[in-house]
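Trainee: Could we go through this model together, one question at a time?

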Amino acid sequence: MRKIEHLGIAVKDLTASNELFSKLLNVPPYKTESVESEGVNTAFFQMGETKIELLEATNPDSPIAKFIEKRGEGIHHIAFDVTDIYAEVARLKAEGFTVLNETPKPGADNKLVVFLHPKSTNGVLIELCQEK
Ligand code: ZN
């Protein structure tokens, strides 16, 4: 794990939150992107070496919709940058962490991603990501 690549924040209304975070960070999002397979629209803000990812659900079955229903808006996940996602998955499995998708899948921002179940990480959803 090299660094925190980004923090993911679940929001109800991406347009409104883009305005809010643009004011807060004093910089506009450098990219917005839909990830059809995950049912999310995303926006990314660069903060030095780290990013903020805002996530809005595109349908009621989206994991983001379910998260907001249960816990409200707020921090949804922490994403760590890794150099070899396959090796990290093998290492973390051997350490007893619950991996949600063992095969890395395409995520937003040109990444391969794997998620760890929050039950095995003190309630925090962890994303591993590697530049494609
Ligand atoms: Zn993310």
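This is a predicted model: local features need pLDDT of at least 70, side-chain atom pairs count only at pLDDT 80 or more; totals for chains, interfaces and linings use all residues.

Trainee: Which arrangement do the four donor atoms around the zinc ion form?

Mentor: The zinc ion is coordinated by His6 (NE2), Glu53 (OE), His77 (NE2) and Glu127 (OE), at 2.1 to 2.2 Å. Because the angles subtended by these four donor atoms run from 83 to 167°, the arrangement is irregular.

Trainee: How many residues apart in sequence are the parts that His6 and Glu127 tie together?

Mentor: Along the chain, the donors of the zinc ion follow the spacing H-x46-E-x23-H-x49-E. His6 belongs to strand S1 (residues 3-11) and Glu127 to strand S8 (residues 125-131), so the parts that this pair ties together are apart in sequence by 121 residues.

Trainee: Do S5 and S8 run parallel or antiparallel?

Mentor: Strand S5 (residues 74-81) is joined to S1 by seven bridges, and that pair runs antiparallel. On the S8 side, His77 stands opposite Leu125, and the five bridges there join S5 and S8, whose direction is parallel.

Trainee: Which element gives the most to the lining of the largest pocket?

Mentor: The largest pocket has a volume of about 660 Å³, and among the residues closest to its centre are Pro63, His76 and Leu125. The elements that give two or more residues to its lining include S5, S8 and helix H2 (63-71). With six residues, the element that gives the most is H2.

How values were computed:
Residues are numbered from 1 along each chain as its sequence is written. Side-chain values use heavy atoms; hydrogens and water are left out. Donors are N, O and S atoms within 2.8 Å of the metal (3.2 Å for Na, K and Ca); water is not among the atoms, so sites may look incomplete. Four donors count as tetrahedral if all angles lie between 85 and 135 degrees; four count as square planar and six as octahedral if opposite donors are over 155 degrees apart and all others between 65 and 115; anything else is irregular. Helices (H or I, at least four residues) and strands (E, at least two) are DSSP runs, numbered from the N terminus. Two strands pair if DSSP finds at least two bridges between them. On a 1 Å grid over the protein atoms alone, a cavity is a set of points where a 1.4 Å probe fits but cannot get out, and a pocket is an open set with protein on both sides within 12 Å along at least five of seven lines; lining residues have an atom within 4 Å of a point. Grid points are joined across faces, edges and corners, and a volume is the space filled by probe spheres set on the points.
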